[in-house]
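Open the model in your viewer and keep the selection tool at hand. The stops below go pair by pair and sheet by sheet.

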Amino acid sequence: MKKADGLYYCPDDKHLRPAIELDRLNAVSMANIRVLPRKDPQESVNVNIYQDVEAELFKAVVQFAPYRYADITGGGNPATVGTRSVLTAAESIRALYNIVTENKRPLTWRTQAKSIMETLADWLLTAQFGSPTATGDYVQASTTMVYGAFFHDGTTAFDVAPITIYSEEVAAGGLAMILAYVTLTTVLSRGKYLTGARNAATCLRRMQCGDKRTARYTTKSDQGTDRYHVGMWTYSMTATFGVA
Amino acid sequence: MADLISTTFDHKFYPGDMVGLTFLTALQAAEGAATYGNTTAVGEFAQATDATNATMRSEATAFWTTGVPDAGSTTAKTGLSSTTPFEFFEAFRSSAAAAGTWRYADGAGQTGTTVTGLNWAKGLRALPTFTGVWDYLVAFTSNSTYETADDTAPQAVAAALTGTYDPTLALATTLIVSGTNASKNGSSRYDWATTGLMAEIQTTRGASGLGNAKAEVARPRRRYVDPTPRASRTDWLGLRGQSGLDFQVSFTDTVEGASRQVIDVLRAAMLMNAYRYTPQTWNLPDLT
């Protein structure tokens, strides 16, 4: 209650001052405190350490791979956008493998790295033509040109339009398979990763042999018939499917 | 169920695809010498394709070390080179017209002037003995076209991508390798994935630059400098994957048909490789 002197008192105990009165008295007592301006004011910054950013990179890989992008446009929590990506999965496995084998990061990191490696490697197998765990249109005969190739987003409606297969994805996917095979030694079925790698090598060899094709082969002259073995694997191949 | 009808090769050859060399090396280490391909003509092939792992690697490596000539020439070029730099080689094919030459990233035939920083960095990761190429790349100078004009307000700098190019931090997304502006950056963006991809070379040939790159990456950057609530947003360069030359992160890219600001997980994974090489490596203690 407010008395005639303008101060507030608790009606049950006049010796105690309520919070509003304490705030008021504190404000009055601090009136003479002056904050002097700094001659060269600096924007406040955090003390940044290198571990911070590596942890952020690690977290992004663990959280979002095999998706390549996470949208942060609005400033809120990141949300994955688009389709999953073979190259993102493969490069993520490679980065996680390096952390595991370097053996200089906390056990929690290394344990999580192995777990994510297995998840990503198993997903990669679902995106590989002719893999041990392939299903649907990814089941292809070993003599087909796409056998062993990884398709970049795992789309399954192959009869709609031609798809493009990149040798970089075949090779990076194959490397990821090998890294998973040598790292995930406790996975009883890890032999599937070695099989996946062998199949990728077969596909890569075929992409290295553009000169040996029956049609549309590499030549030494423009539209000629003089076959030319370049030695490097071709950048990409377009595959056309039809409904069986 | 869809059946494969046919395939068509593009008959183009990029240094960025040399990750295949790393793959085959790891495969040989895991299972020993083996042969891949077929001993007879199968599928779309008129001839056998089989080769040993070692043969596959030596053929691919020779393409970048010995090189191949342009159409009408007998002088071999290597493409991933300081003297004959190109983006890729396009071979002749039996079915359609082609250049039959080394080509730049921009322009038809040999009329262009640029290569892609990421493509070259991928090649150097697989071919770390190409130290001369790395020396060539870090000798590039800043292109005044992409530098910030004097007296530009901080708010305008943050909204742009301009700045002074320092190739020891990261490669630009586009590099000019021919013409009057040769050996300068051809864009106003750093590609931070290249720092991770070339770390194995840089740790021995330019460690201070690698340390400086890590220091720059370690600072959260304000996305905007303006008097609005969005000014509180900060980004890590490594998560964005690219930045302006003054480390700006306000840019957008077209992703899935829309203009967005995104975390690039692929580039983040590539940049992580930088933390495996000195300087600024460390041994974090186990927390469990």
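Select B:Phe88 and B:Arg103. These two are bridge partners, with B:Arg103 lying in β9 of chain B. This is a predicted model, so treat each stop as a computed feature. Now widen the selection to β7, residues 88-90 of chain B. Two strands run antiparallel here, β7(B) and β9(B), joined by 2 bridges.

The three strands make an open sheet in the order β2-β7-β9, with antiparallel pairing. Which strands are at the edges? They are β2 (12-13) and β9 (102-103) of chain B, each pairing on one side only. Strands of a sheet pair through backbone hydrogen bonds, so display those if your viewer can draw them.

Next, zoom to β12, residues 174-176 of chain B. It runs antiparallel to β13(B), and 2 bridges join the two strands. Pick B:Ile176, then look across to B:Lys184 in β13(B), which stands opposite.

The mean for chain B is 94, and 97% of its residues reach 70 or more. For the complex, the predictor gives an ipTM of 0.96 and a pTM of 0.89.

**Across the chains**

Select A:Tyr69. Which residue of chain B stands opposite A:Tyr69? It is B:Asp264, in β20(B). Extend to β1(A) and to β20, residues 262-264 of chain B. These strands from two chains pair in the antiparallel sense over 3 bridges.

Keep A:Tyr69 selected and turn to chain A. In β2(A), its bridge partner is A:Val81. Here β1 (residues 67-71) and β2 (residues 79-84) of chain A run antiparallel, joined by 4 bridges.

**Helix pairs in chain A**

Select α2, residues 50-64, and α3, residues 86-102, both of chain A. Their axes come within 10 Å and cross at roughly 130°. That angle makes α2(A) oblique to α3(A). The crossing of α2(A) past α3(A) is left-handed. Show side chains at the contact. From α2(A) come A:Glu54, A:Phe58 and A:Val61; they meet A:Ser92, A:Leu96 and A:Ile99 in α3(A). The residues of this contact divide into 4 nonpolar, 1 polar and 1 charged.

Last stop: α4, residues 107-126, and α6, residues 191-207, of chain A. Their axes come within 11 Å, crossing at roughly 50°. The two helices, α4(A) and α6(A), are therefore oblique to each other. Here too, look for the handedness: α4(A) passes α6(A) in a left-handed crossing. Which residues of α4(A) meet α6(A)? Select A:Glu118, A:Ala121, A:Asp122 and A:Leu125. On the α6(A) side, they meet A:Lys192, A:Tyr193 and A:Gly196. By class, the contact of α4(A) with α6(A) divides into 3 nonpolar, 1 polar and 3 charged residues.

Notes. Residues are numbered from 1 along each chain as its sequence is written. Chains are lettered from A and ligands numbered from 1 in the order in which they are written. This is a predicted model: local features need pLDDT of at least 70, side-chain atom pairs count only at pLDDT 80 or more; totals for chains, interfaces and linings use all residues. Side-chain values use heavy atoms; hydrogens and water are left out. Two strands pair if DSSP finds at least two bridges between them. pLDDT is the predictor's confidence in each residue, from 0 to 100. Axes are lines fitted to C-alpha atoms, for helices over the stretch in contact, and angles run from 0 to 180 degrees between N-to-C directions. Angles under 35 degrees count as roughly parallel, over 145 as roughly antiparallel, 65 to 115 as roughly perpendicular and the rest as oblique. A crossing is left-handed if the near helix is turned anticlockwise from the far one by less than a right angle, and right-handed if clockwise. Contact means heavy atoms within 4.5 Å. Ala, Val, Leu, Ile, Met, Phe, Trp, Tyr, Cys and Pro count as nonpolar, Asp, Glu, Lys and Arg as charged, and the others, Gly among them, as polar.
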